[in-house]
Amino acid sequence: MSTVTLHGRYYDGRTPLGAAATLVFAGARAALIGELHSQEYATGALLVSPRIGKAERFIQFPDGGQFQCPDDQTLDRLPHESQSEGLVAWLEARVAVAIAGVAVIVALITAGYFFGLPAAAERLVDHIPIETEQTLGRQARTWLDEHQWLKPSKVDDDLRYFIEKDFEELRVGLPLAAHTRLEFRDSGFVGANAFAFPGGIVVITDDMVDEAASLDEILAVLAHELGHVERRHALRQLLHDSAVAIVATALTADAASLTVAVAGLPTVLAQAKYSRNFESEADDFAFDLLKRHGRSPEAFATLMERLMGEDQEEDAEDQFAFLSSHPMTRERIARARAAANP
């Protein structure tokens with residue numbers, strides 16, 4: 001190595017302030033000349049920091065001191081802190097490669113966000129005891145009762161008897177039948193509805209009972225909710241939503257310029273798609289269960305048509321299909337009729 005002189009600043013490793021210094025390379029030796037320290041070193045004992053764009057580089061001395069100077073080709077011939085420095089520098093100098101790398105990372109995150117999280121949630125459910133899930137369900141139902149979202153039912157006792165009797169027949173032989181029970185509630189908040197809590201509590205509202213034109217229509221709705229129970233959809237949804245929330249927070253917490261709506265949109269989209277899959281799975285479960293008990297899925301279709309209401313409302317629903325937690329009503333009606341008339 002011919003004589004080369006580099007000008008920079010020397011840091012002794014004990015004080016934060018550096019001092020002007022000169023480093024002279026001659027053959028296999030390097031002489032440091034400065035205000036704070038002067039010393040001669042073997043060039044093989046020095047370590048050079050990786051090249052990062054046009055940033056200045058650091059030379060590490062055996063005694064703990066450092067020399068900071070502008071980048072120079074001479075430094076390429078010295079030992080480096082990282083053996084992959086050449087590849088890193090090559091990548092940093094190529095914008096197209098950097099953009100491609102970012103695209104690959106975004107694609108991997110997106111795939112994990114929409115596909116990996118649901119798969120992980122489904123695997124985790126198998127390791128959670130049904131008793132734990134029941135505790136979650138009871139707590140959720142109690143909260144809704146205490147806050148008057150759900151109120152005591154006013155359904156006639158005789159009608160309730162026949163609904164409960166048919167429900168008992170419907171659930172016979174199901175794997176989670178022993179953990180399933182039907183409850184009636186009155187609610188102005190959710191209207192004509194039925195839903196399954198984690199652990200097996202199935203609730204049907206008075207408005208849904210009033211809306212149904214027959215016991216077959218009521219049983220079609222309850223069969224759908226049994227599908228949610230048997231597939232443990234509530235727990236799977238809970239696990240998935242929690243994971244999505246954690247990932248969304250991690251990815252957007254430092255993006256101070258984003259509004260709450262924008263930051264939350266990926267979570268909404270992921271959760272909506274996952275829920276639509278569950279609803280379709282519960283529909284298919286219900287159609288099969290109804291037919292095994294001699295009941296036609298046509299009852300499900302007729303009830304859905306009644307609940308759909310005016311065509312204008314359904315058109316509005318279609319416009320936001322990608323955000324809906326349920327499959328589009330027309331689609332569900334068509335699938336029910338196809339199951340009734342294979």
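# Reading salt bridges, strands and cores

User: Which residue forms a salt bridge with Glu217, and how far apart are the closest N and O atoms?

Analyst: Glu217 forms its salt bridge with Arg306, and the closest N and O atoms of the two are 2.7 Å apart. This pair links distant parts of the chain, since Glu217 belongs to helix α6 and Arg306 to helix α9, 89 residues apart. A salt bridge is counted when a side-chain nitrogen of Lys or Arg lies within 4 Å of a carboxyl oxygen of Asp or Glu, and the element names refer to DSSP runs numbered from the N terminus, with helices (H or I) of at least four residues and strands (E) of at least two. The model is a predicted one, in which local features need pLDDT of at least 70 and side-chain atom pairs count only at pLDDT 80 or more, while totals for chains, interfaces and linings use all residues. Residues are numbered from 1 along each chain as its sequence is written, and side-chain values use heavy atoms, with hydrogens and water left out.

User: Is Glu217 buried or exposed, and does Arg306 count as buried, partly exposed or exposed?

Analyst: Buried means under 20% relative accessible area and exposed means over 50%, with partly exposed in between, using a 1.4 Å probe and protein chains only. Glu217, at 4% relative accessibility, is therefore buried, whereas Arg306, at 33%, is partly exposed.

User: Which residue meets Asp283 in a salt bridge, and which helices hold the two residues?

Analyst: The side chain of Asp283 meets that of Arg335, with 3.6 Å from N to O. Asp283 lies in helix α8 and Arg335 in helix α11, so this pair ties together parts that are 52 residues apart in sequence. Asp283 is buried, with a relative accessible area of 0%, and Arg335 is partly exposed at 22%.

User: What is the order of strands in the open sheet, and which strands stand at the edges?

Analyst: Strands of a sheet pair through backbone hydrogen bonds, either parallel or antiparallel. Two strands are taken as paired if DSSP finds at least two bridges between them. The open sheet here has seven strands in the order β4-β3-β2-β1-β7-β6-β5, with antiparallel pairing. At its edges stand β4 (39–42) and β5 (47–48), each with a single partner strand, so one side of each is left without a neighbour in the sheet.

User: How many bridges join β1 to β2, β2 to β3 and β3 to β4?

Analyst: β1 (residues 4–11) and β2 (residues 19–26) pair over seven bridges, with Thr22 of β2 as the bridge partner of His7. β2 and β3 (residues 29–34) pair over six bridges, and Thr22 stands opposite Ile33 in β3. The hairpin of β2 and β3 has two residues between the strands, and in this hairpin Gly27 takes a positive phi near 65°. β3 and β4 pair over four bridges, where Glu40 of β4 is the bridge partner of Ala31.

User: How many residues does the largest nonpolar core have, and which have the most contacts inside it?

Analyst: A nonpolar core is a set of buried Ala, Val, Leu, Ile, Met, Phe, Trp, Tyr and Cys residues joined through side-chain atoms within 4.5 Å. The largest core has 36 residues, and those with the most contacts inside it are Leu182, Ile204 and Leu222. Among the elements that give two or more residues to this core are α4 (157–171), β9 (181–186), α6 (215–230) and α8 (260–292). The largest share, eight residues, comes from α6. A second, separate core of 17 residues includes Leu6, Ala30, Tyr41 and Leu78.

User: Which residues does Ile204 touch?

Analyst: With contact taken as heavy atoms within 4.5 Å, and residues up to four places away in sequence not counted, the residues that Ile204 touches include Leu182, Phe184, Val209, Ile218 and Leu222.
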